[in-house]
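Okay, shall we get going?

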Amino acid sequence: MRVRLPVLVQDPSTAAASGLELFEHVTVEAERFLDGPATERVVIEPWLGEDGEPVPPVPYRPPIPRPGRRRAPKGSYRVGSLADPTADDVHRVSVLGTVLHTVALFEEPDVLGRRVLWPFDGPLRVVPRAGWGDNARYAREHRGIRFQHFRSRHPQAPTPAPVIYTSLSHDVIAHETTHAVLDAVAPDLYHAVSPQSIALHEAIADLAAFLLATRSRTLRSATLRATEGSIRDARAFSWIAEEFGRARDAEGRASSLRSLANDKTLDPDDASVDAQGRPNSLAAIAHRPADAHTVSLVLSGALYGMMLAGYEATLRAEMERTGRTSLSASGRALFIAGERIKRIALRGLDYLPPGEILFVDFARALLAADTLAHPLDDAERESFIAELVRRRVVVDRDELALELATGDDEAVPGFVVDDIDALRDEDDDARAFVEAHRERLGAPPDATLEVRPRLEVNKTYWPGPEPTTRRELLVKVAWRTREHNDDLPGVAAWREIVAGATLVVDPERAAVRAVLVSRAGGGGAIAPPDVDTGAAARSEALRHLAAAGRLVEVPADGLAAASPSDVVYEHVVGTNGDTLRVLGAARLLHAAPEGEAVDRTAISS
């Protein structure tokens, strides 16, 4: 069933300052819509009214078929005045619409091409008013998202300072929903120790907020008119959560929570500074989990740079093809560029190996997915590679080498699939297949290989003006390995981590087309001998957490009983002695850093 729901275009104060309508309608789909509002997959939790009682649910009005009509009219929710964004009913309906719209972005046929299944039983439970605080968070153990509210700390805020509801920020809702989607697609990241695993979550969440902003007709039209078709300074797209970022900053210097238009790097020798005179190099804080939001700017900035280059190339082509001005051609150019970056960046999430993930792992998955889809169209890929080298995510492009077969009649050498049906359907056959290629995958000889349930998907590609559909079989294998804790005081000398590989198989030809092995797993057969597996960064991250008092032993009642600001661990006693196992490092995932007024490196001029 499809329903049109009102959603906020931007933060209320930002939209008002820009003269924009607060709301626009989006079409979302679910098997059923219920009072609440709720669907079978997402439930918006009520909050307490001024009388201390839960506010009544927003009633759903089902469609009433009319005789003689081929299609039943769309159902809807009874909402109050759109002029009042804090009205309880429209507030909750807008949150539901934005959450469903975000999930649908990932499920589109040319991205994941399938329904996202939450990594827990039941629906995603969303609390739009979860109490006082200046943040929003997704937590698997709570099976949902909690949006807090706080009084603005901006020095120019009126008295009394207005209450800022994080659930009234389109960017924040999209960001937190993306954390839930990524936890469904790549669940190992929830327990990953690598700081870049957390930063990857943050970068993709910000990218999703940007992509949804470009899909807003209201925002897109107003922004392109104001900039005459240029988006280099289009802050409506590149700035994330403007109202939220400004309200958190007691110094009154922030314009947004983060900016995707940046030159942040991991190069320790980069002496450049941003417009505020702050270093562009984030190498000094790259190992600190608490700074994952800031470090994520390196990757999100690279993705935004790729999109910008693609947009400007598409705009020039549209102007030449149609003879139109940059303004009149910009709308279509931005749509094409947005769709392209969506496919490139988000489709690669399916190719991520299990376990610990570094930026280079995501980059290789992205490049593999796009190369298989568009082997001859490499303009955006080359732009992305250049951004990765410039920002010192990789030293050179050789680090991005792939085990890939792009031709229709080609396969990755050394991988032979004798029975595609058995590989897909039979666990024992799938285990025998990966065991036969253990050495090629770089798995330790004594590690137990865990073959995950195989995933067969139909994905839409656009090799030309018309789409085509291809089947893919994704085979993911994981294994546990140990690393030294580098004298981390008070815990075991060793820690256990998860590494793994993804094999992309063409089921029509029973041919392996791509093999991606995580750096933590050694990188596989094509990795250079001195490959950085990220072990040093993980040790440094744990030391920072321990020094801050945020690395604690898991409570007896389980992960949900721990403080939401802590990362927990347990000791596993085995044949190799006492080993540390980290759980829930992704509990650090929030809309903004904790314990700070604002992300200082993201202040925009």
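By exposed I mean over 50%, with buried under 20% and partly exposed in between, using a 1.4 Å probe and protein chains only. Before I go on, this is a predicted model, so local features need pLDDT of at least 70 and side-chain atom pairs count only at pLDDT 80 or more, while totals for chains, interfaces and linings use all residues. Numbering runs from 1 along each chain as its sequence is written, and side-chain values use heavy atoms, with hydrogens and water left out.

Back to arginine 2, which sits in strand E1, residues 2-8. Helices (H or I, at least four residues) and strands (E, at least two) are DSSP runs, numbered from the N terminus. Aspartate 418 is exposed at 76%, in the loop between strand E15 and helix H12.

Now, salt bridges. How many does a search of the whole structure find? The count is 54, where a salt bridge is a side-chain nitrogen of Lys or Arg within 4 Å of a carboxyl oxygen of Asp or Glu. Take glutamate 40 and arginine 115, with their closest N and O atoms 3.4 Å apart. Glutamate 40 is in the loop between E4 and strand E5, and arginine 115 is in the loop between helix H2 and E8, so this pair ties together parts 75 residues apart in sequence. Glutamate 40 is buried at 17%, whereas arginine 115 is partly exposed at 39%.

Another one is arginine 340 with aspartate 377, at 3.6 Å between the closest N and O atoms. Arginine 340 belongs to helix H9 and aspartate 377 to the loop between helix H10 and helix H11, so parts 37 residues apart in sequence get tied together. Here arginine 340 is buried, at 10%, and aspartate 377 is partly exposed, at 37%. There's also a network of salt bridges linking Glu108, Asp110, Arg215, Glu339, Lys342 and Arg343.

On to the strands. E8 and E10 run parallel, joined by three bridges, while E9 and E10 run antiparallel, with four. Strands pair if DSSP finds at least two bridges between them. Which residue in E10 does valine 126 stand opposite? That's isoleucine 145, and tyrosine 138 stands opposite isoleucine 145 too. The hairpin of E9 and E10 has four residues between the strands, and arginine 143 there takes a positive phi near 55°.

Last bit, the backbone. Most residues other than glycine have a negative phi, and most peptide bonds are trans. Alanine 241 has a phi near 55° and is buried at 1%. Alanine 510 also has a positive phi, about 55°, but counts as partly exposed at 25%. As for cis bonds, glycine 36 to proline 37 has omega near 5°, and threonine 159 to proline 160 has omega of about -5°. Proline 160 is in the loop between strand E11 and strand E12.
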